[in-house]
Amino acid sequence: MSEWHDDIFDCLHEAGVRQVAYVPDAGHARLINRCQEANNMRALSLTTEEDGIALLAGAWLGGDKGVLLMQSSGVGNTINMLSLVKTCQFPLVTLVTMRGEWGEWNTWQVPMGQTTQQHFEVAGVICYRCDRPEDVQETVSTALRFAYYTNSAVAVLLGQRLIGAKIFAED
Amino acid sequence: MADMLNRRDVVAKLLAGPREDLLVVTGLGQCAYDCFAAGDDPRTFYLWGAMGGAVPMGMGLAVAQPEKRVLVVTGDGELLMGLGALAAAAAEGLPNLAVAVIDNERYGETGQQQTATGRGTDIAGIAAAAGFAATKLVAAEADVAEGVRLCREAQGPVLVTFKVDHESQEMALPPKDGAFLKTRFRQAVVGKI
């Protein structure tokens, strides 16, 4: 597995992230494992993405920095809950693995994947994009600083070209 | 209706006593008004929207503040919108998290339409099946004190459903400036903005 997952973990560690909310995701699997094993982080498994938005707001109320790991297909689930972030000016960092774009195989991933950035931007979330492994560290560390210092909502979109398209046996 | 519990009375009992170590997240609507009527405190965060978010918000707060009690006070309609969070809260096993469901079997803000709890759904039963450490259904005055004790003291995650009437209550509106609510909460609990 490539090193960029470890770069993200190092960024979270250095930023003092304590709560890592996630929904299951193959693209984030290695990062999720590392966060689960870390003594100074708590990885929290959720059943739907919008719960992660609310959970991180609660974490911030209690003094914890957090991030939300999800896949582009779940971004649509978060729209109404993002009103909490905007209205209260909570910082938010979400790291989104992209589907439905570079090399996609599953038609059902395309509608959400092709409109992820638009949905986020309409909901008030600033988007940073990463398509090359050498950009991941700088982009994620910048997103973390920007969000926590300015009470902003930032999504880092980790492109499918970076992650690698899922290949099915029947291909 | 005379024999049913009054929501303001139940919430006042839930929030009675010193508040320094009690962090409250309210669901939107009547539960926010009930908590405000029971006595405003900077350690209470009132939701005015974000329906379905009260329990997960309480989860993040409970992880961040393990020495304090986190009490989510929410309605049956709000909770039914995010039932998956009960599974997540149970799986995480948060010992300082309690959820008080003020269950009037109605969507009170939108015209008193019946919720599923008025048609047989038992939220405390769902929480028990999800794996909550303690659950209780309180429908009579004699059981209120035990329900309150579970919410305030028992090893969590706890969920108690209080069956209340759906009589209208005196108006009591908390602040709705979300940034203000966030900032005063963090000042009181974390000591910084």
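Which residues are buried in helix H2 (residues 30–37) of chain B?

## Helix H2 of chain B

In this predicted model, local features need pLDDT of at least 70 and side-chain atom pairs count only at pLDDT 80 or more, while totals for chains, interfaces and linings use all residues. Residues are numbered from 1 along each chain as its sequence is written, and side-chain values use heavy atoms, with hydrogens and water left out.

The buried residues of H2(B) are Cys31(B), Ala32(B), Tyr33(B), Asp34(B) and Cys35(B); buried means under 20% relative accessible area (1.4 Å probe, protein chains only). Helices here are DSSP runs of H or I with at least four residues, and strands are runs of E with at least two, numbered from the N terminus. The buried residues pack against helix H1 (7–14) and strands E1 (22–26), E2 (44–46), E3 (69–75) and E4 (97–103) of chain B, contact meaning heavy atoms within 4.5 Å. Gly39(B), with a positive phi near 130°, follows H2(B).

## Aromatic pairs

Over all chains, the structure holds four aromatic pairs. Rings of Phe, Tyr and Trp (its six-membered ring) pair if their centres lie within 6.5 Å; planes under 30 degrees apart count as stacked, over 60 as edge-to-face and the rest as tilted.

Trp60(A) and Tyr148(A) form a stacked pair, 6.0 Å centre to centre with 5° between the planes. Trp60(A) lies in helix H3 (residues 49–61) and Tyr148(A) in helix H7 (residues 133–150) of chain A, so the pair ties together parts that are 88 residues apart in sequence. Both Trp60(A) and Tyr148(A) are buried.

Conventions:
Chains lettered and ligands numbered in written order. Buried < 20%, exposed > 50% of the residue type's maximum accessible area, 1.4 Å probe, protein only.
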